[in-house]
Amino acid sequence: MADAVRVLITGNGGSGKTWLGERLSRRLAVPLVRLDDLYWEGAYGGKERDKRVVFDEVVERATEGSWVMEGVYGWLLPAALPRASEFIFLDLPVEECLDNVRRRGNQGGGSEASFAALLAWVAEYPTRSNANSRQAHQQLWDGFEGTKYVLGNRGEIDEFAGLR
């Protein structure tokens, strides 16, 4: 399929990856692949699946014709990047991401403590030093040679989604 569209979206928790992914998936009439759904057994926040198995599943999903794939997992993104035709980095201010997480509330039946931990994790995005950090996402985006976009606020995301 020469005209395959394969869009990879990353960014901090609460940046709007799933929101944008759902809209692009509908608009392009292609499947949405949520990395959360592949990584967590059952539902988000459940039991973590074996990372090697998940990585291999992402590689396999990336070989499919067209898709929109979204997730924060910087260690999984390289499994899809070689097949991606577009890479979108949602680089919103941390406070905006925290507000989005608070608005959507505690998902998956997690405890108050796990929700507080999620908020703390989102707040650490600019200073974390792992594959799920802003720095790691920026490095992957910088190295991507295809079509790429950085969207830095809700207005840019809305415009990209075709809502403006």
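Me: What do the numbering and the confidence limits rest on?
Reply: Residues are numbered from 1 along each chain as its sequence is written, and in this predicted model local features need pLDDT of at least 70, while side-chain atom pairs count only at pLDDT 80 or more and totals for chains, interfaces and linings use all residues. Side-chain values use heavy atoms, with hydrogens and water left out.

Me: Why is the pair of Y39 and W40 called edge-to-face?
Reply: Rings of Phe, Tyr and Trp (for Trp its six-membered ring) pair if their centres lie within 6.5 Å, and planes under 30 degrees apart count as stacked, over 60 as edge-to-face and the rest as tilted. The structure holds 6 aromatic pairs; in that of Y39 and W40 the centres are 5.1 Å apart and the planes stand at 75°, so the pair is edge-to-face. Ring pairs also link Y39 and W40 with Y73 and W75 into a cluster.

Me: Are F87 and F144 buried or exposed?
Reply: Both F87 and F144 are buried, a term for under 20% relative accessible area, against over 50% for exposed and partly exposed in between (1.4 Å probe, protein chains only).

Me: How do you know that R128 sits over the ring of W121?
Reply: A charge sits over a ring if NZ of Lys or CZ of Arg is within 6 Å of the ring centre and within 35 degrees of the ring normal, and the charged end of R128 is 3.9 Å from the centre of the W121 ring. K148 likewise lies over the face of W141, at 4.3 Å from the ring centre.

Me: What makes strand 2 and strand 7 edge strands?
Reply: Two strands pair if DSSP finds at least two bridges between them, and the open sheet of 5 strands has the order 2-5-1-6-7 with parallel pairing. Strand 2 (32-34) and strand 7 each pair on one side only, and are thus the edge strands. Strand 7 is joined to strand 6 by 5 bridges, and E86 stands opposite T147 in strand 7.

Conventions. Helices (H or I, at least four residues) and strands (E, at least two) are DSSP runs, numbered from the N terminus.
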